[in-house]
Amino acid sequence: MIRIGNDWDDVLKGEFEKPYFQKLCETLRQEYARYTIFPEKQNVFNALRTTPYCSVKAVLLGQDPYHGRGQAHGLCFSVQKGCEIPPSLKNMYKELQSDLDIPPASHGELTSWARQGVLLLNTVLTVREGQANSHKGIGWEMFTDEIIRRLNECERPIAFILWGANARSKTALITNDRHGVFTAAHPSPLSAYNGFFGCRHFSKVNSFLSSNDIVPINWRIPE
């Protein structure tokens, strides 16, 4: 039985019991037994554990975890301290400095954002070592789509930050007019100059939150 340890357990209770999720769990048991899978089992639901449903102010949507050893810990775009900062995150830091004059952090761990209500959610929550997108299509997308639908139902306004085609494809799930949707190119070096740089989403999200009487995010990452 999956246990998150906060209000997500009630929100997603029915989902954990569905046949597709049971099949997903069996696939994962086999995958963890046969291959090196990231993140470690205890960190797969780290995004939900760190950011309870009742606390979500913003959703930053990623694709799947980093597939290098020691990187992924269950928060999209975030790597554990001691890891080299990935190129996409470096570009996020550049945009953050340009937008809000916040200098880049010396590490890539984004837990401080998650604790403030930024749900750092990948659409696929696991991956084989060295094989990007290797767990695409095994069932995670159905689960994370349901998370987005449940957040869409929230009465409080939420900022959805969708960078890149994969994330932007989820716009159709966000039908509630009270929410804010912020789309741009992915911060990857391959696409950052096609509309990510200059999007000013960090300040725009905070303006959206403030306009709805919600405490904005302190995007400065503690050392």
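**Exercise 1.** Which residues lie nearest the centre of the largest pocket?

*Solution.* Before starting, note that this is a predicted model, where local features need pLDDT of at least 70 and side-chain atom pairs count only at pLDDT 80 or more, while totals for chains, interfaces and linings use all residues. Residues are numbered from 1 along each chain as its sequence is written, and side-chain values use heavy atoms, leaving out hydrogens and water.

Step 1: of the 23 lining residues, Asp64, Tyr66, Phe77, Ser88 and His186 lie nearest the centre. (On a 1 Å grid over the protein atoms alone, a pocket is an open set of points where a 1.4 Å probe fits, with protein on both sides within 12 Å along at least five of seven lines; lining residues have an atom within 4 Å of a point.)

Step 2: helix 8 gives the most to this lining, with three residues. (Helices are DSSP runs of H or I with at least four residues, strands are E runs of at least two, and both are numbered from the N terminus.)

**Exercise 2.** Is isoleucine 174 buried or exposed?

*Solution.* Step 1: find isoleucine 174 in the loop between helix 8 (165-168) and strand 6 (180-184).

Step 1: its relative accessibility is 11%, so isoleucine 174 counts as buried. (Buried means under 20% relative accessible area and exposed over 50%, with a 1.4 Å probe and protein chains only.)

Step 2: leaving aside residues up to four places away in sequence, isoleucine 174 touches Ile148, Asn152, Phe160, Leu162, His179 and Val181, where contact means heavy atoms within 4.5 Å.
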